[in-house]
Every structure is written in structure tokens, then in C-alpha cells.
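Open the model in your viewer and keep the selection panel at hand.

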Amino acid sequence: MIDVRPFFEQAFKHAQETPQREACGLVVVPYGHPIYRPCRNIAETDVEFVIHPADYLKAEREGIIAVVHSHLHGSPEPSMADLVGCESTKLPWIIVALPSGAYKQIEPTDFKAPLIGRPFVPGVLDCFSLARDYYATIGLDLPDFARDGAWWEHGEDLLTPDNFWKAGFRVVTDGTLRMDDGIIMQNGITPVPNHVAVYLGDGLMLHHSGNALSCKTPYGGYWQKCTNFILRHESKC
């Protein structure tokens with residue numbers, strides 16, 4: 001494990017500068033010795049963190065060996081989103097708690113978030129990540145893509161048939177619906193489709209709405225009305 005002592009005081013001081021908003025940074029080794037680089041947090045809420053891409057790119061040139069961020073509620077225990085993020089970066093994560101100054105270091109351990117009951121965290125634990133994780137359990141790879149908390153409101157049309165085509169998914173044109181089909185929806189008043197679910201059979205779908213836990217729910221009524229198209233992997237056609 002990385003010895004956090006040489007740079008912990010700097011990370012804690014950085015966190016104290018924004019006590020109402022999570023702070024974030026990276027541990028880098030520009031000259032063979034670890035140092036802490038404070039980064040800008042561009043997350044849309046104060047209780048999440050997203051490192052500014054320019055800060056991350058600069059740190060990559062120096063060699064990133066750990067990700068650091070603060071918790072505002074006094075406990076350094078990792079959230080489910082922290083565990084998922086640690087796995088995705090394949091780096092140690094250090095969590096600094098305010099106001100106590102307690103800290104905890106976690107390492108990648110092949111953690112996988114449960115499909116049911118996960119909290120919603122934009123870009124980390126959302127409807128698309130749930131679909132990806134579901135398909136991974138049946139041996140299908142759905143590539144990830146960077147996205148912020150409300151990408152559809154910014155005119156980004158990410159859930160297009162072409163993007164799924166590259167992963168082997170085809171649009172269903174015969175009106176059928178089978179287990180493991182993907183359901184692409186336009187949830188709410190949005191210019192582009194913004195929601196993904198997976199059909200589980202027996203009239204149920206697996207999905208994850210904002211401000212709610214991931215769950216199984218009946219597919220029909222509102223959800224059926226806002227459906228744009230159905231996808232099926234070519235291996236199941």
C-alpha cells in the first residue's frame with residue numbers, strides 16, 4: 001500500500017478550504033517521490049466529485065498513483081460509488097473526512113456493485129452503468145462513455161442506435177420483446193433519449209432513475225409510452 005503520510009496534511013488542508021463541498025486531488029510522482037496535487041471539482045453537486053479533465057491530464061504526465069477526495073459527513077468509509085470508482089481507475093483511493101480529519105485508504109478488489117439497490121450517482125452509478133453491468137453478467141460487453149449529470153440537456157445524443165450497433169446490438173423492428181433486450185426511452189421532456197433499461201421477462205424491467213435506487217419495475221404504461229426503440233444483441237437475434 002502507498003504510504004499516505006508524506007502528503008496527508010496537504011490533502012486535509014485542501015479539504016478544509018471547501019468544507020461545504022467535496023475536495024479532490026491526485027497523488028503523483030514527478031520526481032520519484034509522491035506529492036499531492038489539488039484538483040478542481042466540477043461535479044454538479046457538493047457531495048460528489050469530478051476531477052477537471054485538464055487537471056487529470058496534467059497529472060497523468062507526472063504519473064498518478066492515487067486518487068484523493070473528501071467526505072463532508074465525518075466518516076471516511078467509502079460509499080458504493082467510491083468502491084466503483086476505485087475499480088474503474090485501478091488505483092488506490094484515499095478518503096479524508098471533515099471535520100474529524102480521519103482518513104481511509106481503499107484498493108481495487110474487483111468490487112462489483114449489486115444490480116438492485118444501488119444509489120444514483122451520475123456517470124458512475126446510473127441507468128447506463130446498470131445496463132453495462134447487467135450485460136456483463138451474461139457475457140456481453142457494452143463499452144462505457146464519459147458523461148456528466150445531465151448530458152441530454154446539453155444536446156448530447158449518446159443513446160443512438162449507431163453507438164449500440166458497435167457493441168453488437170441491433171434495433172428490433174418486428175415488435176417483439178425478449179428477455180435481455182435493451183429499452184431506450186425518452187424520460188421526461190428532453191430533446192433526446194436519456195434512459196436505458198433491460199427487459200427481464202415476465203413484464204419486468206431493470207432500470208435506475210435519478211434520485212432513486214436501482215430496481216425491478218413493471219414495463220408498461222408510462223415507460224412503454226416513452227420508449228423510443230428496443231435493442232437486441234446479435235447473438236440473441
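Start by selecting Ser-214, which is buried at a relative accessible area of 2% (buried means under 20%, exposed over 50% and partly exposed in between, with a 1.4 Å probe and protein chains only). You are looking at a predicted model, in which local features need pLDDT of at least 70, side-chain atom pairs count only at pLDDT 80 or more, and totals for chains, interfaces and linings use all residues. Residues are numbered from 1 along each chain as its sequence is written, and side-chain values use heavy atoms, with hydrogens and water left out.

**Around Ser-214**

Ser-214 belongs to the loop that joins β9 (204-207) to β10 (215-218). Strands here are DSSP runs of E with at least two residues, helices are runs of H or I with at least four, and both are numbered from the N terminus. Now show the polar contacts, meaning pairs of N or O atoms within 3.5 Å; within protein, one must be able to donate a hydrogen and the other to accept it, and residues adjacent in sequence count only if both atoms are side-chain atoms. What does the side chain of Ser-214 reach at 2.7 Å? It is the backbone oxygen of Leu-115. The Ser-214 side chain also reaches the backbone nitrogen of Arg-118, at 3.0 Å.

**Along β8**

Next, select β8, residues 195-201. Seven of its seven residues are buried, so the strand is largely enclosed by the rest of the structure. Strand β7 (residues 182-185) pairs with β8 in the antiparallel sense over four bridges; two strands count as paired if DSSP finds at least two bridges between them. β8 also pairs with β9, again antiparallel and over four bridges. Click on Val-198 to see both sides: Gly-182 has Val-198 as its bridge partner, and Leu-206 in β9 stands opposite Val-198. Then follow the chain into the hairpin of β8 and β9, where two residues lie between the strands and Asp-202 takes a positive phi near 55 degrees.

**The five-stranded sheet**

Move to the open sheet of five strands, ordered β2-β1-β3-β4-β5 with mixed pairing. β2 (35-39) and β5 (103-106) stand at the edges with a single partner strand each, so one side of each has no neighbour in the sheet. On average, neighbouring strands are turned by 25 degrees against each other, direction ignored. Helix α2 (residues 53-62) packs on this sheet and touches β1, β2 and β3 (64-71), its direction making about 15 degrees with that of β1. Such angles run from 0 to 180 degrees between N-to-C directions, with axes fitted to C-alpha atoms, for helices over the stretch in contact.

Zoom in on β1 (residues 24-28), which pairs with β2 in the antiparallel sense over five bridges. Leu-26 faces Arg-37 of β2 there. In the loop between these two strands sits Pro-30, partly exposed with a relative accessible area of 25%. Its contacts, not counting residues up to four places away in sequence, are Ile-35, Arg-37 and Glu-62.

Now select α3 (residues 80-89), which lies across β3, β4 (93-97) and β5 and runs at about 150 degrees to β4. Ala-81, Asp-82, Val-84, Gly-85, Cys-86 and Glu-87 of α3 are buried, and their cover includes β3, β4 and β5. Just past the helix, Lys-90 has a positive phi of about 60 degrees.

**Aromatic stops**

Finally, colour the rings of Phe, Tyr and Trp (its six-membered ring), which pair if their centres lie within 6.5 Å; planes under 30 degrees apart are stacked, over 60 edge-to-face and the rest tilted. There are eleven aromatic pairs by this rule. The rings of Trp-151 and Trp-152 have centres 5.2 Å apart and planes at 90 degrees, so they form an edge-to-face pair. Trp-151 is buried at 5% relative accessibility, and Trp-152 is buried at 17%. Ring pairs also join Phe-128, Tyr-134, Tyr-135, Phe-145, Phe-164 and Phe-169 into a cluster.

For the last view, look for a charge over a ring (NZ of Lys or CZ of Arg within 6 Å of the ring centre and within 35 degrees of the ring normal). The charged end of Arg-147 sits over Phe-145, 5.0 Å from the ring centre, and that of Arg-170 sits over Trp-165 at 3.5 Å.

Notes
Contact = heavy atoms within 4.5 Å.
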